[in-house]
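Subject: Structure handover

Hi,

Here is the structure I promised to pass on. Please open it and keep it beside this email as you read.

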Amino acid sequence: MAAANQAIPAAKEVNSNAMYHRRIVQRRQITFFLLAFPALLWFLAFMLWPLLNMLYISTTLWDGLALPQISNFPDNFIRLYHDPNIPIALRNTGIHLLFGILGVLPFAFMLGFFLSLHKPGYRILRTIFFSPSLISVAALAMIFLGLYRPAGMLNSFLNTVGLSSLTRIWLGNQSTALGALIAIDIWSGIGFYSVLFFAALTNIPEELYEAAMLDGAGYWTIMWKIAFPLMLDFFGVVVILQFLYILSGAAQIVILLTNGGPGTSTLTLGYYLYSQAFLVQRMGYSQAIAVVLFIIGILVILLIRRISFRLSY
Amino acid sequence: MNKKIIPISIALLVIASLVMTACGSPQATAPVAATSAPATSAPATSAPVATSAPVEKVTLTIWHNWGPDDAKGAPLQSIFKDFMAANPDIVIKDEVYVDADIPLKVETASAANQEPDLVFVQRVGSPQTWTEAGIALPVNDLIKEWGLDGQFKEAALKEYTLADGKIQAFPLEGYTWPIWYNTSVFEKAGVPIPTTTDELIAAAKAIRAAGDQPIIASGSDGMGLYLFTLVLQSLLPDEEAKKCLGDGQWTLPSCVSAVELFVQLRDAGVFADNVEGLDFATANENYFAGNVGMSHFGAWSFADPPKDLQSKIQLGGFPLPAGSPHRAPVIYSSFSAKGVWVTPNGGAKMDAVKKFIQFLYKPENLARFVEQAGMTPPLKDVPIDASKLNPLFVQSLTMPVEVAMTPDDFYPPKVQAELGTGKLSQLAFTPGTTAEQILADLTALYEANK
């Protein structure tokens, strides 16, 4: 009994401690919520709401800003399934993604690694590599229009070196137009990503490289056997960035240079979305394409994250 | 505490007065005295004389694409200037945009009730839906009430009249769209101006042999499409052309034959080298350089060629193939190039809009566009000083041609929007593209835009 009497104050103490601890936790949660609330509100208003709106519009017939939205679910998605342009756009987008990622990131990584070695002149090179990123898309399009036009720099160069048989209307030829656009993305992307890789690679302790060199490893081995495995997680993030850019952002250069042509040779999903929304004014259908892009985006990001996580750990 | 009340009160008063001042001066209108009394008419200390009430200045906002680089820009500005001088209570605020950008700008502005009062834009693409969508007001009654009834050419009004009888806009700019033959290139090649496609093929060979190029076109943009369709229509009567270009029945033998004709001509070398990669500006530049035999430019370019070239140009139609239903080489001619659309915002200022429209459509004012820019006027009677006319415009009045119906009149709007990007014409002008490929692309395009 006495022991029980002694236990009561102890239990009370435990209870009051627990309550005090709970109150602290609750207060922290309220503070956390109050501090996060503006950001949450911002996210709901400007991210989630437009996303839900996109889903809603994809279920409507909306043929112009001034015309009413009429619910027509699932017509837009049935149309999407039967649209002969969708397989073409998917194929072109796939080619663009394949070459736009494989043609940029390995080379960007190599350049970034080279910069991270801090060899003489690396500061100037870093600035030079990054400079294409400072050029606006419209200016970039003008530069390459000058390069690719019938009497442009590329054809003039080929003529000068006696390779006239290789001259083409690079943007007007069905077999070269998509490649010509991908080349622009490669040119402008390598420098940008090399600077990103450089920034990340500088976090790797130099001692690791020195130890590897003592063991007889060359730069090539160090780059791919030491630096690259340590950067896999970051590499995954960069792949996601480049993937998202090509999936939707690269449509800008298509709009400026080829409008998806000649024929459908440069028709990508991103450009098709734009053309359906702003040229043909089929807003509801364009958002159905946007939903497909969104789903592809989410699935591929999850896949990339999974692969990079597995390889890293 | 009391010491603080005074400065705070003063500060609040100042802020309140500033706010009230700001609210009391709207941006669009500014009160001005209609007449100003002479300085000596009243002593400085006396109250203002109420001889006339202040008049609200009305601002008319007009969006158009006739900027300084356009031959119609100068006459338009002179009309604005003269109108404002004659109507001091109305201010014209004009904004110049690229023609192709205007429809979307108007539609987005309209969604926010911020559209201009008047829009000068071509009757091609989405403006054709504006009356139905309430972005523009029908002008049937305005034409009657404002004394313009019976003055417009019937063809002009017909183009702007919808199936339900509503007139979408006031027609403003008509055009002819002929083939421009550079006679010096033909003389150098020793061949006559062709009137048949066989003669055209022979002429193209001779022109190439002489070191020049035959027909230049902007194969990579929407303008080249009109040459593609004109070639097709040289073999098709309007009703058949409507079946192909309007209804998308590309499996019809007549439609197939027309596309095959185009491919046959292209493969025979009648179009200049690399034409599939050229845009309109580059095509212009090449033709005006003087070593190209033919081009397909509209009346809007009449003022553009260098003077030494102008005298060498002979206007005509596209040569006819064997079996053509036409009696003479074909051209396009239409009034779709520019209409004046009245928006709901313009409707709220109808008095000012009425004054401006009546001023713009005075025959002597329209004559400025004809004389200075070679524009085909939409009115029946426009007094023109023949000595001031552009020689190419004069030539265009007597061309031995037949007018084919412009495909703009029967394209489904969504097909037209996609074709306007030029990707189909670019494909068609590319050497090696077969008629089957072009027909398949056209079929897919029409199917996708049903």
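Below is what was found in it, part by part.

First, a caution. This is a predicted model.

**Layout of chain A**

Chain A splits into two domains. Domain 1 covers residues 2-57, and domain 2 covers 70-312. The C-alpha centres of these two domains of chain A are 44 Å apart.

**Where the chains meet**

Look at the contact between the chains next. On one side are 30 residues of chain B, and they are in contact with 25 residues of chain A. Four helices of chain B each supply at least two residues to the side that touches chain A: α3 (102-111), α18 (413-419), α19 (423-429) and α20 (435-448). The top contributor is α3(B), with five residues. By type, this side of chain B has nine nonpolar, 14 polar and seven charged residues.

**Helix α13 of chain A**

Now find helix α13 of chain A, residues 269-279. It is mostly covered, with nine of its 11 residues buried. Among the buried ones are A:L269, A:Y271, A:Y272 and A:L279. What do the buried residues of α13(A) pack against? Within chain A, they pack against α3, α11, α12 (251-257) and α14 (283-312). They also pack against α18 of chain B. Just after α13(A), A:Q281 takes a positive phi of about 55°.

**Helix α4 of chain A**

Helix α4 of chain A runs over residues 105-116. Its 12 residues reach 16 Å from first C-alpha to last, close to the 16 Å expected at 1.5 Å a residue. Its buried residues include A:L105, A:F109, A:G112 and A:S116. Just after α4(A), A:H118 takes a positive phi of about 55°.

**A lysine in chain B**

Last, go to B:K338. It lies in strand β11 of chain B, residues 330-342. Is B:K338 buried or exposed? B:K338 is buried, because 27 other C-beta atoms lie within 10 Å, and 20 or more are enough to count as buried. Leaving out residues up to four places away in sequence, B:K338 touches B:F120, B:V121, B:Q122, B:L172 and B:E173. Compare B:T61. B:K338 and B:T61 are 277 residues apart in sequence, and 17 Å apart in space, C-alpha to C-alpha.

Best wishes

Terms used. Residues numbered from 1 in each chain as written. Chains lettered and ligands numbered in written order. Predicted model: local features only at pLDDT ≥ 70, side-chain atom pairs only at ≥ 80, totals over all residues. Contact = placed C-beta atoms within 7 Å. Nonpolar A, V, L, I, M, F, W, Y, C, P; charged D, E, K, R; others polar. Domains from an automatic or database assignment. Expected span 1.5 Å × (residues − 1). Buried ≥ 20, exposed ≤ 12 C-beta atoms within 10 Å, placed from the backbone.
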